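Subject: Structure handover

Hi,

Here is the structure we talked about. My notes on strands and salt bridges follow below it.

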Amino acid sequence: MTAKDGGRPRIADREVQTVQRDRYYSTYVPSALAKENPFLATEREERALPTYETARAMLPSPYWSGGEDAVACYWKAWELAFDHLRTPAPGSGFVSNYIDTAFNDCLFMWDSCFILMFAKYGHRAFAFQRTLDNFYAKQHPDGFICRQISGTSGEDRFHRHDPVSTGPNVLAWSEWEYFGMTRDTKRLRNVFPALVAYHRWLRMYRTWPDGSYWSSGWGCGMDNQPRMPLSLPYQADEFYHGHLTWVDTTLQQLLSAKLIRAMAEALGRADEVPDFAEETARLSTFVNGTLWDEATAFYYDRKPDGSHLGMKSIGAYWALLADVVPPERLARFVAHLENPAEFNRPHRIPSLSADDPAYRPEGDYWRGGVWMPTNYMALRGLTEAGYDALAHDIALAHVRHVAEVFARTGTIWENYAPESIAQGTPAKPNFVGWGGLAPIACLFEYVFGLRPDVPGGKLRWDVRLLEAHGVNRYPFGKDGWLDVSCEARSSPAEKPRVAVWSNVPLELVLTWDGGSERVRVEP
């Protein structure tokens, strides 16, 4: 029974467990932009799924002299991806066909965002980006989106105020990447309200008084990284915020704020998001003034007493992608990635620095495991900071390790061991899932060096391989495609001999060790 006490509802303790969800008092603070979200009224898609066999002719086709194992792994990634396509279950409330996370019966937010980083190269065969439509269709009135949603019932797996309920917020990055590949302004316009409302929800409910952000092991995606004091109960790393400022979560919000501002400019809605400019400036100052340690040249979580946690996590490298590291700090910060005692292990980049007492050579999930999503994030950050040569070296070794494990085991794994050519312990097989990042996205963008800028009408080709390589049916925009090839060279300084065929006009920006050239390509 309920009673009135000072105007507030009270429920007898013995009855708490029997209260149904629809009898709770609503605590939503409605968001006008969440209400604008068009996916809330989208009808369920009714379209048959393509098969890998029918899709293959529409997928980009790479070749690499001497890299045949990597090319075989590339095609295996696509085969697994198309095997994991799903249609919305009746009654789930999902609105679009999607690619499954390949972990359990749920869709996961950050997994899906990273899957789309490679799946964008297959958008001519399947509308992979619409996977995120199912999350937008589940947005709450106040902007909240759960990070894990049942694929059968469509129900959130966590209450929105549970510390593990949501994150990491890389939705804006995923959508901006897709825009960069396709120049799909209509989609950008549709997703903008949902992205703004979700970011503002995190700002309202996931910050400390100084404006920094917190999360949890499950909420940040790096489940068991050692962030909590040993005195706390088992699994506190996964389920508790520890009253920490979380460096990765704070940096992701900084990146999101910057990208939402860029979207607003592209859509003519900049006057609606002045708070994002303010937050960008505030978080940039906070990160560099509070989370940076000058003695060790690294960004750390901050403990409740104001001191640094001292754990060197790959999550700190979101700072590169967020473009927040001052120029005078860059070299020392990046140097950790080249230090064999820290992140330069036989398989780069471990999720935890090797000099941490909790580091495990077999991986032990996020206590040393090599993960494709965080590797991809670090590579993109290195590009942002101008460290293309280092990014190529790391990616080349990463792709070769993944390809060799594939050659030995016949499949692609959830994560990999940092000290040996093996899958991590533990790790799920057939994980595409984000397991397509190394065989597809890293192969194209960092081993081959192909990076499109469709809104700018440019294709950058940073040639570093000496072997002959190329791609047929490389996608450029919604309807464009290219055939690109590079002959073998005798040295990195030798000018590449390339050929490019395109059905759309573009500018080729060709770079190599010691030279560059711009070439206009016409259909």
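Partly exposed lies in between two cut-offs: a residue is buried under 20% relative accessible area and exposed over 50%. Please keep in mind that this is a predicted model.

**Salt bridges**

The count comes to 37 salt bridges.

Start with aspartate 462 and arginine 464. They form a salt bridge, and their closest N and O atoms are 2.9 Å apart. Arginine 464 has 28% relative accessibility, so it counts as partly exposed. Aspartate 462 has a relative accessible area of 3%, so this residue is buried.

Next, aspartate 275 and arginine 203. Their salt bridge has its closest N and O atoms 2.8 Å apart. This pair links distant parts of the chain. Aspartate 275 sits in helix α11 (residues 274-291), while arginine 203 sits in helix α7 (residues 185-205). The two are 72 residues apart. Is aspartate 275 buried or exposed? Aspartate 275 is buried, with a relative accessible area of 19%.

Arginine 408 and glutamate 404 form a salt bridge, with 3.0 Å between the closest N and O atoms. Both lie in helix α15 (residues 388-409). They are 4 residues apart there, so about one helical turn separates them. Arginine 408 is exposed, at 56% relative accessibility. Glutamate 404 is partly exposed, at 33%.

Finally, there is a network. Salt bridges link Glu45, Arg47, Arg130, Asp133, Glu175 and Arg187.

Strand β10 pairs with β11 (residues 458-462) in the antiparallel sense, over 4 bridges. Which residue of β11 is the bridge partner of proline 452? The partner is leucine 459.

Another open sheet of 4 strands runs in the order β3-β12-β13-β14, and its pairing is antiparallel. At its edges are β3 (61-64) and β14 (498-502), each pairing on one side only. Neighbouring strands of this sheet are turned by 15° on average, direction ignored. Strand β13 (residues 480-486) pairs with β14 in the antiparallel sense, over 5 bridges. In β14, serine 502 is the bridge partner of leucine 482.

Best wishes

Notes: Residues numbered from 1 in each chain as written. Predicted model: local features only at pLDDT ≥ 70, side-chain atom pairs only at ≥ 80, totals over all residues. Heavy atoms only, no water. Pairing = 2+ DSSP bridges. Axes fitted to C-alpha atoms, helices over the stretch in contact; angles between N-to-C directions. Salt bridge = Lys/Arg side-chain N within 4 Å of Asp/Glu carboxyl O. Buried < 20%, exposed > 50% of the residue type's maximum accessible area, 1.4 Å probe, protein only.
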